[in-house]
Amino acid sequence: MKAFSMKNSVFLLAILVLTYTLHIEAQQCHPSGRIRGTNPPPDQCNQENDSDCCKNGKYYTTYKCSPPASSSTKATLTLNSFQKGGDGGAPSECDNQYHSDDTPVVALSTGWYSNGNRCLNYINIHGNGKSVKAMVVDECDSTMGCDSDHDYQPPCPNNIVDASKAVWKALGVPESDWGEMDIYWSDA
């Protein structure tokens, strides 16, 4: 009888481990494809804030998902201008408006943008020992890029909080260090 109980226990433990492993695997975000870059037409890729322009023949990874959001989601903060004529390109997706660089606003990678479900809601951003609340106004598209709609810039990685200058200032980051920084964010 003991051998039967031990076999059952080992079998149940194996099922639990397999279930846990599949659950963790399901939460991971894997690339959904690649796009091939083309050189932008002259003066068509705004490199304000050190934005990258697509390169002819280079392949760029695309994502339809982002890592799971939590009460403390790790991300990379990047710099973007949401003003007319800025490197953000078109008006913001959430409200079809441009936003001043002096306003704390962000664009989230496609998965976190969640088909607009976070539009005009606030998130808390923690970095450089400080915190700031910013409004989600746009998507940092992880599924497409290298075209006029995306200012001939590559697709966003799947873990980006693309922020206005106001966010960087509120976090107390010296202007010479603006560009990319590890942060944590959560829904406000």
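Student: First up, is arginine 118 buried or exposed?

Tutor: Arginine 118 counts as buried, at 15% relative accessibility. Buried means under 20% relative accessible area, exposed is over 50%, and partly exposed is in between, using a 1.4 Å probe and protein chains only. Before we go on: this is a predicted model, where local features need pLDDT of at least 70 and side-chain atom pairs count only at pLDDT 80 or more, while totals for chains, interfaces and linings use all residues. Residues are numbered from 1 along each chain as its sequence is written, and side-chain values use heavy atoms, with hydrogens and water left out.

Student: OK. What does arginine 118 meet in a salt bridge?

Tutor: Its partner is aspartate 187, at 2.7 Å from N to O. The rule for a salt bridge is a side-chain nitrogen of Lys or Arg within 4 Å of a carboxyl oxygen of Asp or Glu. Arginine 118 sits in the loop between α2 and β5 and aspartate 187 in strand β8, so the pair ties together parts that are 69 residues apart in sequence. Helices (H or I, at least four residues) and strands (E, at least two) are DSSP runs, numbered from the N terminus.

Student: And aspartate 187, how accessible is that?

Tutor: Aspartate 187 is partly exposed, with 42% relative accessibility.

Student: How many salt bridges does the rule give?

Tutor: The count comes to 2. One of them joins the side chains of lysine 169 and aspartate 102, at 3.9 Å from N to O. Lysine 169 is in helix α3 and aspartate 102 in the loop between β3 and β4, 67 residues apart. Aspartate 102 is exposed, with a relative accessible area of 60%.

Student: Switching to cysteines. How many disulfides are there?

Tutor: There are 4 disulfides, taking a disulfide as a pair of cysteine sulfur atoms within 2.5 Å. Among them is the link of cysteine 54 and cysteine 146, with sulfur atoms 2.0 Å apart. That link is left-handed, with -90° about the S-S bond. Cysteine 54 is in the loop between β1 (33-36) and β2 (59-62) and cysteine 146 in the loop between β6 and β7, 92 residues apart.

Student: What about cysteine 94, which residue is it joined to?

Tutor: Cysteine 119, with 2.0 Å from S to S. The torsion about the S-S bond is about -80°, so this disulfide is left-handed. Cysteine 94 is in the loop between β3 and β4 and cysteine 119 in the loop between α2 and β5, so the pair ties together parts that are 25 residues apart in sequence.

Student: How far apart are the sulfur atoms of cysteine 140 and cysteine 156?

Tutor: They're 1.6 Å apart in the model. Cysteine 140 counts as buried at 6% relative accessibility, and cysteine 156 is buried too, at 12%.

Student: Now the core. Which residues touch the most other members of the largest one?

Tutor: Leu77, Val106, Ile125, Val161 and Val167, out of 23 residues in that core. A nonpolar core here is a set of buried Ala, Val, Leu, Ile, Met, Phe, Trp, Tyr and Cys residues joined through side-chain atoms within 4.5 Å. Strands β3 (73-79) and β8 (180-187) are among the elements that each supply at least two residues of this core.

Student: What is valine 161 in contact with?

Tutor: Leaving aside neighbours within four places in sequence, its contacts (heavy atoms within 4.5 Å) include Leu77, Val106, Trp112, Ile125 and Trp185. There's also a second, separate core of 8 residues, and Cys140 and Cys156 are included in it.
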